[in-house]
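Please keep the sequence and the model in view while reading.

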Amino acid sequence: MKIHYISKNNSVLNHFLGQIRNVNVQNDSMRFRRNIERIGEIMAYELSKDLAYKNVEIQTPLGIKETTEIESDLVLCSILRAGLPLHNGFLNYFDHAENSFVSACRYHPNNDAEFEIRVEYQAVSNINDKTVLLLDPMLATGQSIVAVHEKLIQNATPKEIHIVVVIAAPEGVAFLEENLPENCHLWVASLDEKLNEKNYIVPGLGDAGDLAYGSKL
């Protein structure tokens, strides 16, 4: 698996990352969603450099211009619900892409720290021989992304899979490296220090879904 760390160099990306982490800013859910969307736009631009392109000729009012355009057939697939603002950011740039949605959540059968991943609702387009961009803001243990990946490839064979996360823990990155095929790419905006005893990212930012859309039962 090829890993891309985007925030190593200073850019406006780090400015938005700082805002989504800041407890004095997080009480504005609209601003949180918009910053995740803007981070998605920046990551979409960086990822676009790795896609396949083809040469085309464009008719302008005054002549012909040779240029390139994206050749890859793209499918954006976000993990509900936290992935929705990130999805919107990518859709702003890849407006020609198809769209898919999958729900994945932690289930605690014994009401303790142990959990399993449940993948339930799916609205997935045809991903055969297409480039799938799997979007989820937080990469903690990595179990949700692996579970969704397994669901996606049960009845389809994508050409390539790009996993896009905003904040990742080293443990989650290692888990993906162990459990995903070599044709996967991982795009990380920011790599954090570790997971705590409850498998939350430290320093992280909290629950991205709750910050974007309110707390859940």
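Which element gives the most to the lining of the largest pocket? That element is E5, with four residues. The model is a predicted one, in which local features need pLDDT of at least 70 and side-chain atom pairs count only at pLDDT 80 or more, while totals for chains, interfaces and linings use all residues. Residues are numbered from 1 along each chain as its sequence is written, and side-chain values use heavy atoms, with hydrogens and water left out.

**The largest pocket**

A pocket is defined here on a 1 Å grid over the protein atoms alone, as an open set of points where a 1.4 Å probe fits, with protein on both sides within 12 Å along at least five of seven lines, and lining residues have an atom within 4 Å of a point. The space in the largest pocket comes to about 890 Å³, where a volume is the space filled by probe spheres set on the grid points, themselves joined across faces, edges and corners. Its lining consists of 31 residues, and those nearest the centre are Ala104, Cys105, Arg106, Asp207 and Lys216. Two or more lining residues come from each of strand E4 (74-80), strand E5 (98-107), strand E8 (138-139), helix H4 (143-152) and helix H6 (208-213); helices (H or I, at least four residues) and strands (E, at least two) are DSSP runs, numbered from the N terminus. By residue class, the lining holds 15 nonpolar, ten polar and six charged residues, with Ala, Val, Leu, Ile, Met, Phe, Trp, Tyr, Cys and Pro counted as nonpolar, Asp, Glu, Lys and Arg as charged, and the others, Gly among them, as polar.

Helix H4 is largely enclosed by the rest of the structure, because seven of its ten residues are buried, a term that means under 20% relative accessible area, whereas exposed means over 50% and partly exposed lies in between (1.4 Å probe, protein chains only). The buried residues of H4 are Ser144, Ile145, Val146, Ala147, Val148, His149 and Leu152.

**Strand E10 and its partners**

Strand E10 (residues 184-191) is also mostly covered, with seven of its eight residues buried. Strands are taken to pair if DSSP finds at least two bridges between them. Strand E1 (residues 2-5) runs parallel to E10 and is joined to it by four bridges, with tyrosine 5 standing opposite valine 188 in E10. Strand E9 (residues 160-168) likewise runs parallel to E10, here through seven bridges, and alanine 168 stands opposite leucine 191 in E10. Between E9 and E10 the chain passes through helix H5 (residues 170-179), in a β-α-β crossover that is right-handed; that is, with the strands pointing away from the viewer, the path from the first strand over the helix to the second runs clockwise.

**Backbone geometry**

Most residues other than glycine have a negative phi, and most peptide bonds are trans. The table gathers the departures from this pattern.

| Site | Feature | Location |
|---|---|---|
| Leucine 80 to arginine 81 | cis peptide bond, omega near -5° | arginine 81 in the loop between E4 and helix H3 (84-93) |
| Valine 202 to proline 203 | cis peptide bond, omega about 0° | proline 203 in the loop between strand E12 (201-202) and H6 |
| Aspartate 129 | positive phi of about 60° | loop between strand E6 (116-123) and strand E7 (131-135) |
| Asparagine 199 | positive phi of about 65° | loop between strand E11 (194-195) and E12 |

Aspartate 129 counts as exposed, at 57% relative accessibility, while asparagine 199, at 23%, counts as partly exposed. Valine 202, which lies in strand E12, is partly exposed, with a relative accessible area of 26%. The C-alpha atoms of valine 202 and alanine 169 are 7.8 Å apart in space, although the two are 33 residues apart in sequence.

**An aromatic pair**

Rings of Phe, Tyr and Trp (its six-membered ring) pair if their centres lie within 6.5 Å, and planes under 30 degrees apart count as stacked, over 60 as edge-to-face and the rest as tilted. By this rule the count comes to one aromatic pair. The rings are those of phenylalanine 90 and phenylalanine 94, with centres 6.2 Å apart and planes at 50°, so the pair is tilted. Both phenylalanine 90 and phenylalanine 94 are buried. Leucine 135, placed in strand E7, is buried as well, at 0% relative accessibility, and its C-alpha atom is separated by 13 Å from that of phenylalanine 94, 41 residues apart along the chain.
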